[in-house]
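Me: Hi! Could you walk me through this one?

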Amino acid sequence: MTSKVTLSMIVKNEADRYLRQVLKSHLPYIDEAVIIDDGSTDDTRGVCKEILHDIPLHLIRNEISQFANEVTLRKQQWEETVKTKPEWILNLDADEMFEEKFVHFVEDISQQQTYDAIYFRLYDMWNETHYREDNFWKAHQFY
């Protein structure tokens with residue numbers, strides 16, 4: 001039996017950025033999504049509904065952005081996500097994706113019983129094939 005993977009995300013005005021591509025890339029391995037729309041004024045909500053129409057979607061809208069108080073916003077994200085009783089939480093930003101080969105490993109990761117959390121390297125991409133590495137951007141050196 002496959003474990004339930006719940007995507008948890010905070011978005012704001014992402015409709016014309018990477019959101020569509022990101023959500024499509026995660027669809028093969030997520031069972032549910034909890035998305036906090038933090039005061040978008042574009043069609044971010046519509047994109048979420050369009051792409052995630054085949055899975056349970058909990059789309060919470062903050063009329064007034066809470067980004068200035070990120071602790072409160074992240075607490076809201078956690079509380080709304082936990083309400084769905086996830087087995088695994090995939091906590092990502094609206095511009096974060098896995099390599100295409102991740103889809104082949106996600107079931108093994110979600111079925112293992114050894115670890116309670118899994119961390120991944122984050123590459124700050126300049127474009128589809130090149131990532132940034134300098135004194136300010138080197139997150140990929142850590143998990």
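Reply: Happy to; we can go through the packing and a few surface spots. This is a predicted model, where local features need pLDDT of at least 70 and side-chain atom pairs count only at pLDDT 80 or more, while totals for chains, interfaces and linings use all residues. Residues are numbered from 1 along each chain as its sequence is written, and side-chain values use heavy atoms, leaving out hydrogens and water.

Me: Which residues have the most contacts inside the largest nonpolar core?

Reply: M9, L23 and I35, in a core of 25 residues. Such a core is a set of buried Ala, Val, Leu, Ile, Met, Phe, Trp, Tyr and Cys residues joined through side-chain atoms within 4.5 Å; buried means under 20% relative accessible area, exposed over 50% and partly exposed in between (1.4 Å probe, protein chains only).

Me: And which element gives the most to this core?

Reply: That's β1, with four residues.

Me: What does L23 touch?

Reply: Beyond residues up to four places away in sequence, L23 touches L7, M9, I35, V47, C48, I51 and L52. Contact here means heavy atoms within 4.5 Å.

Me: New topic: where is K49?

Reply: K49 sits in helix α2; helices (H or I, at least four residues) and strands (E, at least two) are DSSP runs, numbered from the N terminus.

Me: Why does K49 count as partly exposed?

Reply: Because its relative accessible area is 45%. Leaving aside neighbours within four places in sequence, K49 is in contact with L57 and L59. The C-alpha atoms of K49 and L59 are 8.4 Å apart, with the two residues ten apart in sequence.
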